[in-house]
Amino acid sequence: MPAETSRPLRVSGRTAAEILGDPRTLSRRLGAEGRAQAGSHTPEADAERAELSIAGICVRLARGLMNGDDTGYDRGRIASAAAGFARDGVPAEAVHRAVHSGIRLCSDVLLTYAAAQGADDAGRIGRSLLDVLDTITAIVAAAYIDEYRHVIGHHTAATRSLTSVLLTAGAVAPLDVSGLAIAEHYHVLALAPGSHPDESHSETAATDSAPRRLRDALALRFGPDVLSSLGTGGGTLLVPSTRVPDERLDELIGCLAAAARIPIHATTVPSAAPDVPAAARHAHQLLQLVQRLRYRAGLYRFPDIALEFQLTRPGPALDHLGRLLDPLDSQPELLETLRLHIDTDGNRKRMARTLNVHVNTVDYRLKRVGALTGFDPVAPIGLSYLRAGLVARSFCRRP
């Protein structure tokens with residue numbers, strides 16, 4: 001946190017506090033006081049009350065900081081206000097917008113006065129206000145997050161109990177467990193987080209940080225609405241379908257991956273509340289398939305991988321397909337080339353760059369794959385069988 005101004009900021013001989021005048025008058029200029037009288041409890045009205053309360057205290061605190069005054073009282077008031085809005089569910093961005101509204105008003109008043117006096121003090125005013133903004137933002141953010149985590153903490157035991165009930169026994173909606181209602185339908189997501197690059201040196205950090213970051217990201221975005229059972233190897237999310245529509249699930253996984261700073265493989269299965277246990281098992285089967293086939297990170301639905309799923313069902317067909325590529329076992333470079341051929345949709349130049357070989361070498365290897373297996377990887381029917389063989393051998397028990 002930047003050091004507060006030790007001496008009053010002066011513009012043309014007057015202190016900033018004198019120029020800003022009565023904080024209550026400045027607050028009324030924000031136009032929020034009239035809106036706050038409406039008494040509505042909609043999110044929009046709550047955000048407007050946040051603007052009035054936070055912006056007014058912000059102006060008072062900014063005035064004191066620029067005057068070099070002891071501002072402990074106003075620090076406490078703004079922290080208390082931020083915590084109150086966290087309890088009420090007012091979005092953090094609304095509170096921070098209110099802070100910026102208060103600072104912007106102070107800036108307008110001071111710069112207007114300086115211009116009227118012909119004073120070239122814009123630089124000093126700007127630097128002083130930036131220091132003030134840094135100080136207030138830190139106070140507001142710390143108070144808001146601390147209170148929000150405290151509120152979420154009250155729901156932890158209840159959400160764990162509810163998650164356990166749904167994943168193990170299912171439920172008939174609508175029910176209520178410890179004050180938390182069970183939704184009628186869920187998106188059941190199986191997650192497998194990757195490793196954060198900064199954690200590769202520390203097994204403990206890699207073990208502990210990923211689930212914590214995911215839980216924090218979920219809590220900050222959804223509160224107790226999204227249920228989760230997460231460990232170091234991933235876990236399960238239960239997302240009410242009314243909270244996040246199916247077409248937004250890819251965005252949800254992207255946001256979680258960005259917030260947690262790790263790649264995430266995920267699969268999803270829609271389910272009614274009583275069928276959640278079976279849906280969770282199916283989702284994790286699909287996730288295992290995605291991982292074993294080394295697909296790229298992202299969200300996969302059953303229609304995306306239905307063919308691969310069917311190819312891996314136990315039986316004589318799986319065993320037969322799994323043996324198709326046995327002739328390549330003694331030449332791993334051919335198996336690697338075949339995998340890359342499939343992954344790049346046959347882009348020979350990309351394959352050559354990745355393998356660090358000449359394009360002619362790629363062609364030679366593909367011909368060898370065809371000669372040894374009896375299936376031409378360049379022909380559609382041959383490629384279909386070879387691809388099926390790769391999928392199947394990932395799930396065959398090799399002797």
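In this predicted model, strand E5 (residues 185-193) and strand E8 (residues 264-272) run antiparallel and are joined by 9 bridges. Within this pairing, Ala192 stands opposite His265 in E8.

E5 and E8 belong to an open sheet of 5 strands, arranged in the order E6-E7-E5-E8-E9 with mixed pairing. Its edges are formed by strand E6 (227-231) and strand E9 (298-301), each of which pairs on one side only. On average, and with direction ignored, neighbouring strands of the sheet are turned by 20° against each other. Helix H10 (residues 276-292) lies across E5, strand E7 (234-240), E8 and E9. The direction of H10 is at about 155° to that of E8.

**The chain as a whole**

The chain contains 16 helices and 9 strands. It has 399 residues, of which 45% count as buried. Of the contacts between residues at least 6 apart in sequence, 69% join residues at least 24 apart.

**Helix packing around H15**

Two helix contacts involve helix H15 (residues 359-373): one with helix H13 (residues 332-343), the other with helix H14 (residues 348-355). Their geometry is set out below.

| Helix pair | Axis separation | Angle between axes |
|---|---|---|
| H13 and H15 | within 9 Å | roughly 105° |
| H14 and H15 | 8 Å | about 100° |

An angle of 65 to 115 degrees counts as roughly perpendicular. H13 and H15 are therefore roughly perpendicular to each other, and the description roughly perpendicular therefore also applies to H14 and H15.

The residues of the contact of H14 with H15 divide into 6 nonpolar and 3 charged, with no polar residue.

The C-alpha atoms of Lys349 and Asn360 are separated by 10.0 Å, the two residues being 11 apart along the chain.

**Thr15 in strand E2**

Thr15 lies in strand E2 (residues 14-15). With a relative accessible area of 8%, Thr15 is buried, because buried means under 20% relative accessible area. When residues up to four places away in sequence are not counted, Thr15 touches Pro8, Leu9, Arg10 and Asn67.

**Cysteines**

The count of disulfides in the model comes to 0, where a disulfide is a pair of cysteine sulfur atoms within 2.5 Å. Cys106 is buried, its relative accessible area being 0%. Cys255, at 32% relative accessibility, counts as partly exposed.

How values were computed. Residues numbered from 1 in each chain as written. Predicted model: local features only at pLDDT ≥ 70, side-chain atom pairs only at ≥ 80, totals over all residues. Heavy atoms only, no water. Axes fitted to C-alpha atoms, helices over the stretch in contact; angles between N-to-C directions. Helix = DSSP H or I, 4+ residues; strand = E, 2+ residues; numbered from the N terminus. Parallel < 35°, antiparallel > 145°, perpendicular 65-115°, else oblique. Nonpolar A, V, L, I, M, F, W, Y, C, P; charged D, E, K, R; others polar. Pairing = 2+ DSSP bridges. Contact = heavy atoms within 4.5 Å. Buried < 20%, exposed > 50% of the residue type's maximum accessible area, 1.4 Å probe, protein only.
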